Amino acid sequence: MSKVRRPHGLSRPLATAAAATALAVTATGCVTVHGEREIVPAATKAEARRALKDFLTAYNKADEELDPALDAGRITGPLGAINQAGLQARRVQNPDGNKNHVPLELTDAKYAIPKKAGWPRWFVADTRANRREDMRWLLVFTKGGPDQLWEASYLNLVAPDDVPRLKKDEDGWAEPVTAGEAALAMAPKDLGEKYTAFLKSGGPGFEPGPHTTKWKAFRDRNTKRLGVGVQYLDYPMNEGTFAPVGLRTEDGGAMVFFSTHHYEKQTAAKGTDLKLDPDVKALLKGDAKQAVTLERVSNQVVVDPAESDGGKVAFIGRIQGLTGAKGE
């Protein structure tokens, strides 16, 4: 039985690619996908390198100026939602820009480029950064059509020993898994729904750890804060560039990226201060006289074992960010 690597710890928040398209295979071996028959690499290696470079250039300009418009064309999906809201909040607090800007550098890039038919196309870049050098930075890049730009849709920080070994063919191309892949412990399209259900009610299916049992326990305790009532609502995100994507691992499982949407409503008792932090104040709409609803987007990467292994889904990285706040 294959062993699923366990996560080493929490990734710090930072500031979709669509799911792999299902293939219909005929008896003769021809493949038809939305009228396109040819299975080709999603990108050349040169394209992948250029996509990473272009993203990094735009990201650093936006981070230095605290201007979401400067990288809006190179970022999308859950990473885009987190990044754009984060830049907006920081700009409100620092209208003259980021005086402490240190350019992000991504080196030692390794690319996992799947062969697939049709659009969208996507690939994964596994890199090292000059921040949190103890972690590997995994980015998913997606492109919706031949005339569109490559955009970064997912980012997770993963301990090097937790990055799974991906299945590659003789030419080095990776193998995607479909959104409805039935031979995994959980089909990628079901991960968001089952994860949000777990956060509400618990249950089997996920390995215990900081992003599952410990986070649920924290939230359960947080609902009982003195003077403040807290309610949580969680939703899967499966559409467009927020959809899950996955690559086959050598042991028959998959490494899957997926995203979720989280709301936290805090309602204060009479005479109790909600104590809003600066980021919340910067994104706040309305007046939080009695209550505030915080909106967050989370993107995560998991090892989803083969169903035949009998294992559970293990989180190896998760990043969430505040994307909105509404006062009442």
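User: Which strand gives the largest share of the lining of the second largest pocket?

Analyst: In this predicted model, the largest share of that lining comes from β4, which supplies three residues. Strands β4 (106–112), β6 (121–129) and β7 (136–143) each contribute at least two residues to the lining of the second largest pocket.

User: What volume does the second largest pocket have, and which residues are closest to its centre?

Analyst: The volume of the second largest pocket is about 370 Å³. It is lined by 15 residues, of which K110, D126, V163, P164 and L166 are the closest to the centre.

User: Switching to helices, at what angle do α1 and α2 cross?

Analyst: The axes of α1 (residues 45–65) and α2 (residues 77–93) cross at roughly 25 degrees and come within 9 Å, which makes α1 roughly parallel to α2. On the α1 side, Y59, A62, D63 and E65 take part, and they meet N83, L87, R90 and R91 of α2. By class, the residues of this contact are three nonpolar, one polar and four charged.

User: And what about α3 and α4, how do they pack?

Analyst: Helix α3 (residues 188–201) packs against helix α4 (residues 213–222) at about 45 degrees, with the axes 8 Å apart, and the two are therefore oblique to each other. Their crossing is right-handed. Y195, F198, L199, K200 and S201 of α3 make the contact with T213, W215, K216 and R219 of α4, and the contact has four nonpolar, two polar and three charged residues.

How values were computed
Residues are numbered from 1 along each chain as its sequence is written. This is a predicted model: local features need pLDDT of at least 70, side-chain atom pairs count only at pLDDT 80 or more; totals for chains, interfaces and linings use all residues. Side-chain values use heavy atoms; hydrogens and water are left out. On a 1 Å grid over the protein atoms alone, a cavity is a set of points where a 1.4 Å probe fits but cannot get out, and a pocket is an open set with protein on both sides within 12 Å along at least five of seven lines; lining residues have an atom within 4 Å of a point. Grid points are joined across faces, edges and corners, and a volume is the space filled by probe spheres set on the points. Helices (H or I, at least four residues) and strands (E, at least two) are DSSP runs, numbered from the N terminus. Axes are lines fitted to C-alpha atoms, for helices over the stretch in contact, and angles run from 0 to 180 degrees between N-to-C directions. Angles under 35 degrees count as roughly parallel, over 145 as roughly antiparallel, 65 to 115 as roughly perpendicular and the rest as oblique. Contact means heavy atoms within 4.5 Å. Ala, Val, Leu, Ile, Met, Phe, Trp, Tyr, Cys and Pro count as nonpolar, Asp, Glu, Lys and Arg as charged, and the others, Gly among them, as polar. A crossing is left-handed if the near helix is turned anticlockwise from the far one by less than a right angle, and right-handed if clockwise.
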